[in-house]
Structures are given as C-alpha cells and as structure tokens.
Amino acid sequence: MTNVEELDRTFLFHPMTNLAAHAQNGPHMTVVEGHGATIIDRAGNRYLDAMAGLWCVNVGYSHPDMAEALRAQALKLPYFHAFSSMGTDLPARLSERLISMAPVPMSTVFYGNSGSDANDTQAKLVWYYNNVLGRPQKKKIIARRRGYHGVTVLSGGLTGLKNLHDGFDLPLPMIRHVRPPHRLWEREPGQTDDEFATTLATELDRFIINEGPETVAAMIAEPVMAAGGVIVPPDTYFPKVQEVLDRHDVLLIADEVVNGFGRLGVPFGSQSVGMKPDLMTLAKGITSAYVPLSAILVSEKVWKVLLEGSAKFGSFGHGYTYSAHPLAAAAAMANLDIIEREDLVATVARNGELLHEMLRDAFADHPHVAEVRGRGLMAAVEFVESRDPLRPFAAQGSFAAAVTKASLAAGVITRALPAADTVSFSPPFVTTPDETRAHGRRCAHRPRPGGRRPPPRVR
Ligand code: PLP
C-alpha cells in the first residue's frame, strides 16, 4: 500500500473528523508544502490558506528565520526538562519577554504544550489557589456558551459547544455556562450595545448569587470568541463583567489562544476589549504553530498564594515532560522577533481593514447573510435562511459547509464554524493585500455552493 491517501484513510485516526466518512473517502487533500500564506497539495494545486492552519500560522509557512532558529537549537540542546528546579536558558529568557509584553501586570509563566492542556492547568491553578486560601468549596468555573477552550476532559467541558460534549459525558459537574455577548442572537430588539452589556453582566451577577459566590472560583473567556463564531463583545461588556467578578472574588482567566500575539491588530485581545485578567492562556501564535507550545501568565495576586502552597502541599505536583521545552522556546523567541522586525501587528491592523471592507462589499447585502463581523485579521460571515424575520437554516451547518467547499474550489481555504452557518477567515499576518484582493475577487463571483471549479495549477 503506497498511495499516501490510502494510508491516511486506513491508518490515521483524524481529530474533529467524521470518522465513518473519512474511513470511506479518505482525506480531502494531502498538503505537502507551505510558503507564506500559500499551501500546496500533493497534486500541485496551490491554495491561499485564509485560516492560517487553525488560526495559528501567523508569520506564514516556512519562514527561513524559524527554520534557522529550530535547527540551531536542535544542534545545541534539543531538550532538557524543568522539573525539580532544573533550568535551561531560552525558556527563562522567553518568560521574561512574555512578562514584559503582557497587557496587564503579570508575574510568572507556566508552560504546556497546547491550549487545551493550558486551560486544564488554569482550572488546577484556581482550585489549588482556593485550597491554599482554605476555601475548598470555591471550585466552580463559569464559561460561556459558544466559547472554545479545548478538548481535554476539563477544558472540553469549558468549551460551550454541544458537539464537543456529545458522546463524551462532558462537561464535568463543576462547570457552568452563561450567555455569550452575541448581538445577532442574544440581544433584545432595540437594545444598545451598552444596554446589552448591562443585561449580560446583571445576569452573571444573579447567576453567581444563585450558585453561591463561595462556590464560584473563576470565569474563563476569550476576549474575541473564535471558533464560537468570531464574536466581538460590546465595548462595555468586559468592564461590567469584571466589576461583577471582583465583587464576588471570582478570578478572570483570559483565553488568548487565538487573539494573542497580534491577531486583532493589537498585541493581545485583553487590551482590545478592556479585560484585566488574573490569568492568561497563550498558545497557537506564540510559536506560529511551528512547534507545539502553550503558556500561562500568572498575576502577582495568584502567584503570591501559589507560593504559600509550598508550605501546605510541598512540591507543586503538576507539570509536563515538555513544560518549558527549549526547542519550543527557540521557536517562540524567533517568532516574536519576526513579529517585531516585520512590524506584523501594524500589518494586521492595516490588512484587517482591507479584509473587512472586501467581505462587506461582497456579502453585506446578500439575502442569506445575517452579519459580516470581526476585528483585525479575524472575520466571519454568518448565513441564515432569512434575514427578516431572522431565521437560521433548518439543517444547521450545511450552507456554511457548501460555502467553504466552493471557496476551496476557488483556491481559498476557509472554515465552517461549528455553532451556526458561519464561515471564518483568519489568514497569516504575512498575506499581502494583492493576495487578499486576487483571491477575494475569485471567491466573490459567488459560485453556486457545491459548484466545483478546478483550483489553479502550479505548473
Ligand atoms: N482556546 C482557544 C480560544 C482555542 O481556539 C483553542 C483551539 O482552537 C484552544 C483553546 C485549544 O487549543 P489546542 O487545540 O492547542 O488544545
């Protein structure tokens, strides 16, 4: 058996995939190369990757500085662990750099390997924190419907998407979900943004009071929701939420896994939406996904208590073989150098304007488009059966799936998000305005969903 598609179909257990369909049909494509914002499949077809993989290849594919940094570190020290106070140099330097970049004062950095395990660690940190403080009842974590925080046993439950719970007995009982700040479906007719934010904050307040504030440990939130639909909150939403959390002594965890490191046209999502988190989760854009790495930034308020835990519990009993991995730290340092040197955060702000303008021009008046939204290089188009009255498609997801199929046929990779008929865009920061315009024009001729046009060939 030599055909790679056949090997994949037979042996590879794909994540987030319809297993039966894959076992029958095999992979949609086999990607063999990537350069800048373009990926190339085994047949030689080129595609603009308008999702940067999974919102993560921010500096673009095959950047020579990334390759060089990884090669140099692999030849010097590919690995050493960080357990029991053992140190390596690059993770220490990276920690200082992350603390100096943080949008709110932070004190220390804990490293993991993925957004999911980092959010699991967040839950353990807030439980440990409350155990050290002698508050063993204060353990519940509030998340939001449509929020995406990962797939592990704990973070899969924090995720507020039903399709990640079904069949897995999730969420665990200490997790609670509240309404997201999604204007399209959640806002009362006639409400201003500020009134909508007040309604949600008041609901949160009542929710915590009903649960018992002495049982609620933390709330986790993405500044701008990604997989849940690219949902930008009203300006006053997080300040009002924060006031409620502070009043009930509930910690705020900012999940910056997608937003962090420039995706919104500013360094971090928290500063874009007025969030002042006690803990931050970082992943994806920290290495532009060249090597798996996640990081948790811990504020002084939490760190002080964790330090007291040593007297009570001894050695901190949590950490991964790959925590503070030197190769991953080398990737993160090179990635941050590129973002600075190539001024990519400013590029995101500029090119984000172009992307939103083009999406609005192409889709805003379309009878099946309810909303074109986003910020920076994060955008979404939400499709509905009817705009007025607002009515979703009966078979949820099939229209968005058809749109992504048509855009693939036009040579552009987009993504149909799980919660509704929403198609998202999150291109690499290095996508040029010319690439955006050229591919936008190709897609905007509105092919019939499902109608297939062969993508352009390399040669
Ligand atoms: N948090 C957010 C906001 C995410 O979008 C994701 C993944 O897309 C995660 C956490 C989980 O990250 P990972 O897939 O690296 O476990």
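These legends describe close-up views of a predicted protein model. In this predicted model, local features need pLDDT of at least 70 and side-chain atom pairs count only at pLDDT 80 or more, while totals for chains, interfaces and linings use all residues. Residues are numbered from 1 along each chain as its sequence is written, and side-chain values use heavy atoms, with hydrogens and water left out.

**View 1. Confidence along the protein.** The average pLDDT (the predictor's confidence in each residue, from 0 to 100) is 95. A score of at least 70 is reached by 96% of the residues. Residues 447–459 fall below 50. Beyond near neighbours in sequence, this stretch has 27 contacts in the model (contact means heavy atoms within 4.5 Å).

**View 2. The largest nonpolar core.** A nonpolar core is a set of buried Ala, Val, Leu, Ile, Met, Phe, Trp, Tyr and Cys residues joined through side-chain atoms within 4.5 Å; buried means under 20% relative accessible area with a 1.4 Å probe, protein chains only. The largest such core has 86 residues. Leu94, Leu98, Leu204 and Met219 have the most contacts inside it. Helix α13 (residues 326–341) gives this core its largest share, 10 residues; helices are DSSP runs of H or I, at least four residues, numbered from the N terminus.

**View 3. The surroundings of Met219.** Leaving out residues up to four places away in sequence, Met219 touches residues including Ile142, Arg144, Val178, Leu204 and Tyr237. Val241, Leu245 and Ile253 are also among them.

Conventions: Buried means under 20% relative accessible area, exposed over 50%, partly exposed in between (1.4 Å probe, protein chains only). Helices (H or I, at least four residues) and strands (E, at least two) are DSSP runs, numbered from the N terminus.
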